[in-house]
Amino acid sequence: MTAKARRSTVSVTYLRAKKRYTADERKKSRERIAKDLTGFSYTANASGAADSVELQLNNRDGKWNAGYMPRKKDKVKAVLHTYYWDKASEKKKMTCGLFLVDSISFSGNTLDCTIGGTSIPEYSSFRATDRRKTWKKAHLKEIGKAIAKRYHMKFYFDGTDTSVGTQKQELQTDCEFLTNLCEAYGYGIKLYSGRLVIYSKAKYEAKAPVGTLHKRQCSEQFDWETNLCGTYTGAKIKYTSASTSSKSDTKENSSKSSTKKKKKSSTVITVGKGNRYLTVTDSAESVAQAKKVAAAKANLENEKATTLTVGTRGMLKYSEADTIKLIGAGKLNGKYFIDSIRFTKDSSGFHTSMIMHKVQRRITA
């Protein structure tokens, strides 16, 4: 019996803004794109940055700068498929998500078209409108839920909720404000197909590796780098508290009521142990909050200490925010967290590249 040939495909549906599509119209859209698609890439980020897609289209018949001219705020839906990739009967697929078209370009004599899309929701105010708001005695989950509701996004929170005190959103977009807040407390934030997800980085780093990656699989790229000077064993933050003291003035045969006076005292709060401490300058309203902020800052810096970028034959085994176990690389071996993963399909084939950081023991508050 002849073995079936390994192959990969990408299915792309192009959807015009404000138009409802029937199943048949969606099918025709996929066929139209497939006919002209010369290159495809999908990049998924674990936190902070939006996911994105890019389509490269052959424009030999001129339709992409005429009747099928793309427009901003159109949408792109993409699904990757592999057949008989690692095993004879294996079929896999990855749904990349729904993307808002935010860039269009044409080049060359035939005006070949490149379309870029982002996972940021179509409500542009999420990343364009500066807002002023004071969130009093708030929790991270509460703020995330309120912002998601404003843009009609589904909200998911994975981790232990945390108090963030009073937070002032001063002329910041909701996207910028929430991203910075999550980073300050050690949480990841991700936008995916109309969903807003906030998750504990510590929880995700602690998960078992999804799979094992051997050095020999990284035939297209292998770049490992470490910076020992950037590894911290703890953090210090100056916390200023206000205390109230009473003072009485006493005179002969008379007394005056006591008056209360606020005094400020500063204390250096320490988290972690060892001999390499990161000095944190952020403010906090309580000792507990100060410890959380200091620990999150040190952990964020430690994510940059050891990084690995690899390029492999295309595979749908891994996703952003997964952990993998690297083997076959001697002392470079270990557990790594996927910060960003990119899938590309073009005339040279199907490829996967990943940017990762080595998982270290996290500093806790």
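Reader: How much space lies in the largest pocket?

Author: About 440 Å³ of space lies there. Keep in mind that this is a predicted model.

Reader: What makes a residue count as lining that pocket?

Author: A lining residue has an atom within 4 Å of a point of the pocket. The largest pocket has 19 such residues, and the closest to its centre are Gln167, Leu181, Ala184, Asp282 and Ser283. Strand E9 (163-172), H4 and H6 each supply at least two residues of this lining. By class, the lining has eight nonpolar, six polar and five charged residues.

Reader: Why is H3 called roughly antiparallel to H4?

Author: Look at the angle. Helix H3 (residues 140-150) and helix H4 (residues 174-184) pack at about 160 degrees. Angles over 145 degrees count as roughly antiparallel. Therefore H3 is roughly antiparallel to H4. Their axes lie 11 Å apart, and the crossing is left-handed.

Reader: Which residues make the contact between H3 and H4?

Author: H3 gives Leu140, Ile143, Gly144, Ile147 and Arg150. H4 gives Asp174, Phe177, Leu178, Leu181 and Cys182.

Reader: How do the residues of that contact divide by class?

Author: There are seven nonpolar, one polar and two charged residues. Gly counts as polar, so Gly144 of H3 is the polar one. Asp and Arg count as charged, and the contact includes Asp174 and Arg150.

Reader: What makes a space a cavity and not a pocket?

Author: In a cavity, a 1.4 Å probe fits but cannot get out, whereas a pocket is open. The structure holds three cavities of 30 Å³ or more. The largest cavity has a volume of about 70 Å³.

Reader: Which residues line the largest cavity?

Author: They are Glu205, Asn299, Asn302, Glu303, His357, Lys358, Gln360, Arg361 and Arg362. Helix H6 (287-302) and strand E22 (349-358) are the elements that give two or more residues to this lining.

Reader: How many nonpolar residues does that lining have?

Author: It has no nonpolar residues, but four polar and five charged ones.

How values were computed: Residues are numbered from 1 along each chain as its sequence is written. This is a predicted model: local features need pLDDT of at least 70, side-chain atom pairs count only at pLDDT 80 or more; totals for chains, interfaces and linings use all residues. Side-chain values use heavy atoms; hydrogens and water are left out. Axes are lines fitted to C-alpha atoms, for helices over the stretch in contact, and angles run from 0 to 180 degrees between N-to-C directions. Helices (H or I, at least four residues) and strands (E, at least two) are DSSP runs, numbered from the N terminus. Angles under 35 degrees count as roughly parallel, over 145 as roughly antiparallel, 65 to 115 as roughly perpendicular and the rest as oblique. A crossing is left-handed if the near helix is turned anticlockwise from the far one by less than a right angle, and right-handed if clockwise. Contact means heavy atoms within 4.5 Å. On a 1 Å grid over the protein atoms alone, a cavity is a set of points where a 1.4 Å probe fits but cannot get out, and a pocket is an open set with protein on both sides within 12 Å along at least five of seven lines; lining residues have an atom within 4 Å of a point. Grid points are joined across faces, edges and corners, and a volume is the space filled by probe spheres set on the points.
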